[in-house]
Amino acid sequence: MVTKGTEQSLRELLAPALADLGLMVEQLTVQQVGRRRLVRLTVDTDLVTAPPADDTTPIEPLNLDLVADATRVVGDVLDESEVMGEQPYVLEVGSPGVDRQFTEPRHYRRNVGRLLKATTGEGSVTGRIVAAGPATVTLEVTTKGTTTTQQLSYADVTRAQVQVEFARTTEEKN
């Protein structure tokens, strides 16, 4: 049987081990699947204990080596603890995908330099995140060849999601 207490215990158990890698638990679920439990863990860069220097510098995305390191560390911690009991489990560790909905300022900060579609009560806007502070995000919006900046309060955003770009050139990134 899987309970919310199990998930909370796992979060508390894994947090210090992941912090040593500069990561944090983004999302954690435990599901009963047949005779096994499925532990799905999403990790992300810890911007709280290691904040970036400013609101505008892009943050390096997680790489597969770091996710593999996290998988090894989490597996070792789970195997050494009693929190999972005797029942077998399957562990899946990954990073947040582009389909993640932004719900916290750190989600915006983590994606400086990327294209974002944000919806507010006044409509939606698509622009490149140029700064993400504690209360607002600043987007560079291009409409009919004209580029402007638009600042949105996180409190006003009802939905926000990164837009996938397939044709962005290296020059456009700089």
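Buried means under 20% relative accessible area, exposed means over 50%, and partly exposed is in between, using a 1.4 Å probe and protein chains only.

A quick word on the model. It is predicted, so local features need pLDDT of at least 70 and side-chain atom pairs count only at pLDDT 80 or more, while totals for chains, interfaces and linings use all residues. Residues are numbered from 1 along each chain as its sequence is written, and side-chain values use heavy atoms, leaving out hydrogens and water.

Back to Arg106. Which residue forms a salt bridge with Arg106? That is Glu104, with the closest N and O atoms 3.2 Å apart. A salt bridge here is a side-chain nitrogen of Lys or Arg within 4 Å of a carboxyl oxygen of Asp or Glu. Glu104 is partly exposed, with a relative accessible area of 35%.

Arg106 also belongs to a network of salt bridges that links Glu26, Asp44, Arg100, Glu104, Arg106 and Arg110. Helices (H or I, at least four residues) and strands (E, at least two) are DSSP runs, numbered from the N terminus. Arg100 is buried at 14% relative accessible area, and Glu26 is buried at 15%. The structure holds eight salt bridges.

Now for a contrast. Asp46 is buried yet has no salt bridge, and the nearest side chain of opposite charge is our friend Arg106, 7.2 Å away. For charge, Lys and Arg count as positive and Asp and Glu as negative, with His and the chain ends not counted.

Let's finish with the nonpolar side. A nonpolar core is a set of buried Ala, Val, Leu, Ile, Met, Phe, Trp, Tyr and Cys residues joined through side-chain atoms within 4.5 Å. The largest core has 20 residues, and Leu14, Leu18, Leu41, Val43 and Leu78 touch the most other members. Which element gives the most to this core? Helix α2 does, with five residues. Apart from this core lies another, of 16 residues, among them Val125 and Tyr154.
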